[in-house]
Every structure is written in C-alpha cells, then in structure tokens.
Amino acid sequence: MKKLANELIDDFSDKEYAHSYMESYVNAEIAAQIKVLREDRGFTQEQLAELAGMKQERVSALEDVDYDAWTVKTLRKLARAYDVHLQVRFVPFSQGILDVTNLSRGRLQVVSRKDDLREFVRHELVNPDGQWKPIDTKGLPKLVVKSIRGPIEPSNNWQRLAA
C-alpha cells in the first residue's frame, strides 16, 4: 500500500489528474458502500428502493461505480433507509490518499443508528479542552486526536488504519 501512496503523491503533482482520480475514486467508493450496506442489511434493490422512496432502477444506477450524478438529497434518502448519518466534508488530498490505500469492505460497513447508540451509550464521555472522547474505549475504535497544519508528509512510521 505504501507503494500506491507514493505513486499517488507523485501523480497528484498534476492538479487535473489529482482531481479526476479522486472524483472517480469517490464515485466508486459511494457506489460500493451503497451495495455493501444493502447486502449487510439483507435488502434487495427493490426493498432499498422502497425504503428510500425511489425506483429499483435508480438503486441499480447508484450501485454502478461509473455513476457520477450524486446529489446530497439522494444520499440523505439512502442514509435514512440505512438508518445512518450522512457526512459530507472537504478534506486534504493526503486524506484522500489514505482513503484509497485503506479501502476495504470493513471500512465501508456502518452499523445502524439503533445498534450504534446502544453500544455508544455504555461509554462515559469527558470533555477535555472542548473535545469529547470516550473514557472506556472497549468496543470503540481508538481515538487519535492530532492537529494537522498543511498536508501530511509521508514517512516510514505511517500506520495502516484498522478495518
């Protein structure tokens, strides 16, 4: 994976290439996540379409990695159908490279709101310096809070994120 990251760092010196690559990657990732979540919940395309208020053909198109006409409105419908939170945000390209190199089915899976909150409520939270974090991290992913100023520079001590 480090080889891929290094290749992307070099390739991303070309702004047009970097944006085109990441746009294609995001399209493929969204399509894959829609399918992974649907399969994890045991939904057919027809069942998901009914829950999201759309037609089965639309769900089929959304699961196509070449689809590129995403709207936040449509993604919100799917988030409700899956009972998950939709988050849309801007990130540095270094985060995109990490996303590409760490893509796995496990990273696309998201538990439903009900299951998530049932587990989350078991953890006591504290607010040091204005940031909430769990005290009892058993069962939750490890939280690492870092302040990043500017792009992340690659080094030998990069660690692969847990799936």
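This report covers the nonpolar cores and the salt bridges of the structure. The model is predicted.

**Nonpolar cores**

The largest nonpolar core has 17 residues. Within this core, Ile-34, Leu-48, Met-54, Leu-62, Trp-70, Leu-78 and Tyr-82 touch the most other members. Four helices each supply at least two of the core residues: α2 (15–40), α3 (45–52), α4 (56–62) and α5 (72–82). Another core, of eight residues, lies apart from the largest one. Its members include Ala-5, Phe-12, Ala-18 and Met-22. In soluble globular proteins, nonpolar side chains tend to be buried together.

Which residues does Trp-70 contact, leaving aside its neighbours within four places in sequence? Trp-70 is in contact with Asn-27, Ile-30, Ala-31, Ile-34, Leu-62 and Leu-75.

**Salt bridges**

The structure holds seven salt bridges. Side chains of opposite charge can pair when their charged atoms come close.

| Salt bridge | Closest N and O atoms |
|---|---|
| Lys-35 with Glu-39 | 4.0 Å |
| Glu-63 with Arg-38 | 2.5 Å |
| Glu-39 with Arg-105 | 3.4 Å |

Take Lys-35 and Glu-39. Both residues belong to helix α2, four residues apart, so about one helical turn separates them. Lys-35 is partly exposed, with a relative accessible area of 37%. Glu-39 is partly exposed as well, its relative accessible area being 37%.

Glu-63 and Arg-38 form another salt bridge. Glu-63 sits in the loop between α4 and α5, whereas Arg-38 sits in helix α2. These positions are 25 residues apart in sequence, so the pair ties together separate parts of the chain. Are the two partners buried or exposed? Glu-63 counts as buried, at 12% relative accessibility. Arg-38 also counts as buried, at 10% relative accessibility.

Glu-39 has a further partner in Arg-105, with the closest N and O atoms 3.4 Å apart. This pair links distant parts of the chain, 66 residues apart. Glu-39 is in helix α2, and Arg-105 is in helix α7 (residues 105–108). Arg-105 counts as partly exposed, at 40% relative accessibility.

Which residues do shared partners join into one network? Lys-35, Glu-39, Asp-40 and Arg-105 are joined in this way by salt bridges.

Key
Residues are numbered from 1 along each chain as its sequence is written. This is a predicted model: local features need pLDDT of at least 70, side-chain atom pairs count only at pLDDT 80 or more; totals for chains, interfaces and linings use all residues. Side-chain values use heavy atoms; hydrogens and water are left out. A nonpolar core is a set of buried Ala, Val, Leu, Ile, Met, Phe, Trp, Tyr and Cys residues joined through side-chain atoms within 4.5 Å. Buried means under 20% relative accessible area, exposed over 50%, partly exposed in between (1.4 Å probe, protein chains only). Contact means heavy atoms within 4.5 Å. A salt bridge is a side-chain nitrogen of Lys or Arg within 4 Å of a carboxyl oxygen of Asp or Glu.
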